[in-house]
Amino acid sequence: MTTRKSTKPGKPQTVDLAGENVHWDFRDAMSYADYLGLKDLLACQRPLSGQHDETLFIVIHQASELWIKLCLHEITAAIRQIRQGELGPAFKMMSRVARVQMQLIQSWEVLSTMTPFDYASFRSSLGQSSGFQSFQYRMLEFRLGNKNANMVRVFDSDPAIAAQVRVALSEPSIYDESLALLSRRGIAIPDQKLRRDFSQAYVDDQTVTEAWREVYRDVKTHWDLYELAEKLVDLEYRFHLWRFSHMKTVERIIGARPGTGGTSGVNYLKKALDLTFYPELWAVRSEI
């Protein structure tokens, strides 16, 4: 027995716009693309090699720079709030940065779909450009507390950018401001920590570990300082996850080859994994 197929037309698979007050004409109004500057933004991807995967490489790094811009915006504001003793808004900003950090970590998963052959097909187009030269990344590191004055030299060819990086280097980091807050709350912090040269790398101090132990010992009394400590640890924890993911992605794609910017590549990235932003907050965990 045979069956006949229905010749009745199916229902169109479209959204019914009846009753929707859609704005169609933007000749005299601001559109979505206008507000976001999409014409300029989407014109920034300019591959030089003609190779397919170069677009992926550019988009990943440009998107990361946008996320880092947001991190800088939030961390700079959080530092200001901590300085004013307003920890509630600072916590919201720090939590937002932690979420953005997860986006940055996830970006390496996307980039890892590129094989060594794919990268080699356009690597020469990069010249000596490298993520090492990301001024936003360096400023974020400085704002978080990982100070290294030698890193500023790579920006000397652009005085305006170098000046911005030096400001981030010389100003108190979020950890410096946190220690100053502890001091204002009556918890003993060495004077040399409060009046140090903030452009220099932070050196751990047992007295500061004792100060944080006081916070952790009486959480009920120091609840907001305790939460501040944990949010700082969360920021550093995720930063190290980002660095580790970066290192493993680079290792997967170029192995032990040097980086385009002149570093040793994976070996340099491995050295960076040993850096600690808030040493006393890690040390106190062994003593609680």
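**View 1. The second largest cavity has a volume of about 30 Å³.** This is a predicted model: local features need pLDDT of at least 70, side-chain atom pairs count only at pLDDT 80 or more, and totals for chains, interfaces and linings use all residues. Residues are numbered from 1 along each chain as its sequence is written, and side-chain values use heavy atoms, without hydrogens and water. A cavity is a set of points, on a 1 Å grid over the protein atoms alone, where a 1.4 Å probe fits but cannot get out; lining residues have an atom within 4 Å of a point. A volume is the space filled by probe spheres set on the points. Ser-173, Tyr-175 and Asp-176 are among the lining residues.

**View 2. Helix α8 spans residues 174-184.** Helices are DSSP runs (H or I, at least four residues). Of its 11 residues, 9 are buried, so α8 is largely enclosed by the rest of the structure. Buried means under 20% relative accessible area, exposed over 50%, partly exposed in between (1.4 Å probe, protein chains only). Tyr-175 and Asp-176 are among the buried residues. At the helix start, a side-chain oxygen of Ser-173 comes within 3.2 Å of the backbone nitrogen of Tyr-175. Gly-186 follows α8, with a positive phi near 90°.

**View 3. The largest cavity has a volume of about 80 Å³.** Its lining includes Cys-71, Tyr-137 and Trp-242. Helix α4 gives the largest share, 3 residues.

**View 4. Cys-71 is buried, at 1% relative accessibility.** Its sulfur lies 20 Å from the closest cysteine sulfur, in Cys-44, too far for a bond. Cys-44 is partly exposed, at 36%.

Notes: Disulfide = S-S within 2.5 Å. Helix = DSSP H or I, 4+ residues; strand = E, 2+ residues; numbered from the N terminus. Polar contact = N/O pair within 3.5 Å; in protein donor to acceptor, adjacent residues only side chain to side chain. 1 Å grid on protein atoms, 1.4 Å probe; cavity = no way out; pocket = protein on both sides within 12 Å on 5 of 7 lines; lining within 4 Å.
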